[in-house]
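Dear colleague,

Here is the structure I said I would pass on. My notes on what I found follow below it.

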Amino acid sequence: MYDGDIASTLVTEQAIRDKIAELAAQIGADYASEQAESDLLLVGVLKGAVMFMTDLARALPLPVQLEFMAVSSYGSATSSSGVVRILKDLDRDIAGRHVLIVEDIIDSGLTLSWLLKNLESRQPASLQVVTLLRKPDAVKVDVPVKYVGFDIPNEFVVGYGLDYAERYRDLPFIGTLDPAVYA
Ligand code: 5GP
C-alpha cells in the first residue's frame with residue numbers, strides 16, 4: 001500500500017497497540033472514582049483523532065461516550081495559526097461532565113489551546129487531554145496535556161488518522177513521507 005511513499009516507520013502498529021493499552025490502564029485508574037457520577041466523555045477532533053479515539057475507547061476499562069468536533073485552523077496545510085473556526089460543534093452540553101479531549105498530534109499547541117479555552121467555558125466537571133503524538137515545539141507552550149503517547153521529532157508524519165492531502169489516514173502505523181510526495 002502506498003508503495004514508495006513512506007520514507008520510514010516512526011511508530012509501528014504494535015507500538016501503538018501497546019501504548020494504547022498503557023494509556024487506557026492509566027486513564028482507567030484515574031477516572032475510576034469519577035465514573036460513579038457519569039460516563040467519561042471522550043471528545044475527538046476530526047478527522048485525525050478518529051483511529052486513536054476508537055482504539056482507545058475500546059481499550060478503556062470503563063464506559064465512555066463519544067463526541068466529535070471539527071475545527072479548521074487558518075494557516076497553511078502544515079502549520080496552524082491559532083485562529084480556529086468550528087465546522088462541527090459537539091452534539092450535547094458538557095456542563096458537569098468529565099471530559100477528555102482526544103488528540104492525534106500536538107505541534108504548536110495553538111489548536112489545542114483554543115479548544116481548551118472554548119470547552120472550559122462550557123463548565124465541564126473536569127477537562128483533560130490525551131494525545132497520541134507530541135512534537136518538540138508543543139513542550140514549550142503552556143498547554144496542560146496529562147497523557148502523552150509518544151514524543152516524536154519535528155518531522156511531518158502520516159498514518160493512523162494523520163493525512164497528507166487526505167491520503168494515508170488508513171495506514172496502521174505512523175511514518176514519514178518520502179520528499180518526492182511533496183514535489
Ligand atoms: P497545532 O495547532 O498543535 O500546531 O496543530 C495541530 C494539528 O496540526 C494537528 O491536529 C494536525 O491536524 C496538524 N499536524 C501537525 N503536525 C502534523 C504532522 O506531522 N502530520 C500531519 N498529518 N498533521 C499534523
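Gln123 is exposed, with 59% relative accessible area, where the cut-off for exposed is over 50%. This is a predicted model, so please read everything here with that in mind. Gln123 sits in the loop that runs between helix H3 (110-120) and strand E6 (126-134). Its phi is near 55°, which is positive although the residue is not glycine. Most residues other than glycine have a negative phi, and most peptide bonds are trans.

Tyr160 is another residue to look at on that account: its phi is near 50°, again a positive value in a residue other than glycine. Tyr160 belongs to the loop between E8 and E9. Is Tyr160 buried or exposed? At 7% relative accessibility Tyr160 is buried, because the cut-off for buried is under 20%.

Gly159 is in the loop between E8 and E9 as well, and Gly159 is buried, with a relative accessible area of 0%. Gly159 and Phe173 are 14 residues apart in sequence, while their C-alpha atoms are 5.6 Å apart in space.

E8 is joined to strand E9 (residues 174-177) by 2 bridges, and the two run antiparallel. Within that pairing, Val157 is opposite Thr176 in E9.

Next, helix H1. It covers residues 13-30, and its 18 residues should span 26 Å at 1.5 Å a residue; the C-alpha atoms at its ends are 26 Å apart, so the two values agree. Which residues of H1 are buried? They are Ile16, Lys19, Ile20, Leu23, Ala24, Ile27 and Gly28. Viewed down the axis of H1, the buried residues fall within an arc of 165°, and therefore they line one face of the helix.

Tyr31 is in the loop between H1 and E2. Tyr31 is buried, with a relative accessible area of 6%. Tyr31 and His98 are 67 residues apart in sequence, and 8.7 Å separates them in space, C-alpha to C-alpha.

Both of these residues also bear on the question of empty space inside the model. Rolling a probe the size of a water molecule over the atoms shows where empty space is left. The structure has 1 cavity of 30 Å³ or more, and the largest cavity holds about 40 Å³ of space. What lines the largest cavity? The lining is made up of Tyr31, Glu34, Gln35, Ser38, Asp39, Leu40, Leu62 and His98. By type, the lining of the largest cavity divides into 3 nonpolar, 3 polar and 2 charged residues.

One last item concerns the backbone. The peptide bond from Leu46 to Lys47 is cis, with omega near -5°. Lys47 lies in the loop between strand E2 (40-46) and helix H2 (50-59).

If you go through the model yourself, the places I would open are the Leu46 to Lys47 bond, which is cis, the positive phi of Gln123, and the positive phi of Tyr160.

Regards

Notes. Residues numbered from 1 in each chain as written. Predicted model: local features only at pLDDT ≥ 70, side-chain atom pairs only at ≥ 80, totals over all residues. Heavy atoms only, no water. Helix = DSSP H or I, 4+ residues; strand = E, 2+ residues; numbered from the N terminus. Expected span 1.5 Å × (residues − 1). Buried < 20%, exposed > 50% of the residue type's maximum accessible area, 1.4 Å probe, protein only. Arc of directions from axis to C-beta. 1 Å grid on protein atoms, 1.4 Å probe; cavity = no way out; pocket = protein on both sides within 12 Å on 5 of 7 lines; lining within 4 Å. Points joined across faces, edges and corners; volume = space filled by probe spheres on them. Nonpolar A, V, L, I, M, F, W, Y, C, P; charged D, E, K, R; others polar. Pairing = 2+ DSSP bridges.
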